[in-house]
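Me: I have a model open and want to learn how to read it. Can we go through it feature by feature?

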Amino acid sequence: MMQTVVQDNPSPRPSPRFSAYVFVSCYQPRRVREALRQLPGATKADVPMGSGEVALVIEEHNFASLQMRLNEVQATPGVKRPSVKLAA
């Protein structure tokens with residue numbers, strides 16, 4: 001006779017509600033990209049060819065958390081200036 005085992009799955013993380021596309025002008029884009037990839041909420045970070053910037057996507061559950069991440073982006077060594085576009 002076969003028994004069915006029911007496992008408790010931890011509740012899934014709620015889907016993010018706030019997203020921002022951040023274009024980061026910086027020194028040494030590849031190094032900055034690697035640092036930005038480590039930020040919680042950073043879902044994508046790329047260096048567009050021929051540019052001195054990093055294209056970053058950040059997703060968070062509330063605006064306060066998103067603002068905190070944007071402050072962390074600004075404080076990342078090598079960052080000159082971020083340009084932020086909030087997603088609707």
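This is a predicted model: local features need pLDDT of at least 70, side-chain atom pairs count only at pLDDT 80 or more; totals for chains, interfaces and linings use all residues.

Me: What share of the contacts joins residues 24 or more positions apart?

Reply: Take the contacts with a separation of 6 or more. Residues 24 or more positions apart account for 62% of them.

Me: Which residues touch the most other members of the largest nonpolar core?

Reply: A nonpolar core is built from buried residues joined through side-chain atoms. Here the largest one has 16 residues. Val22, Val24, Leu36, Val54, Leu56, Ile58 and Val73 touch the most other members. Strands E1 (18-26) and E3 (53-60) and helices H1 (29-37) and H2 each supply at least two residues. E1 gives the most, with four.

Me: What does Val22 touch?

Reply: Skip residues up to four places away in sequence. Val22 then touches Val54, Ala55, Leu56, Ile58, Leu70, Val73, Pro82, Ser83 and Val84.

Me: Which residues form a nonpolar patch on the surface?

Reply: Phe18, Phe63, Val84 and Leu86 do. Together they have about 350 Å² of accessible area. The accessible surface of the whole chain comes to about 6,500 Å².

Me: Why does Phe63 count as partly exposed?

Reply: Partly exposed lies between the buried cut-off, under 20%, and the exposed one, over 50%. Phe63 counts as partly exposed because its relative accessibility is 43%. Phe63 lies in helix H2 (residues 63-75).

Technical notes:
Residues are numbered from 1 along each chain as its sequence is written. Side-chain values use heavy atoms; hydrogens and water are left out. Patches are made of residues with over 30% relative accessible area and no salt bridge: like charges are joined within 9 Å, nonpolar side chains (Val, Leu, Ile, Met, Phe, Trp, Tyr) within 5 Å. Accessible areas come from the Shrake-Rupley method with a 1.4 Å probe; for residues, only the protein chains shown count as cover. A salt bridge is a side-chain nitrogen of Lys or Arg within 4 Å of a carboxyl oxygen of Asp or Glu. Buried means under 20% relative accessible area, exposed over 50%, partly exposed in between (1.4 Å probe, protein chains only). A nonpolar core is a set of buried Ala, Val, Leu, Ile, Met, Phe, Trp, Tyr and Cys residues joined through side-chain atoms within 4.5 Å. Contact means heavy atoms within 4.5 Å.
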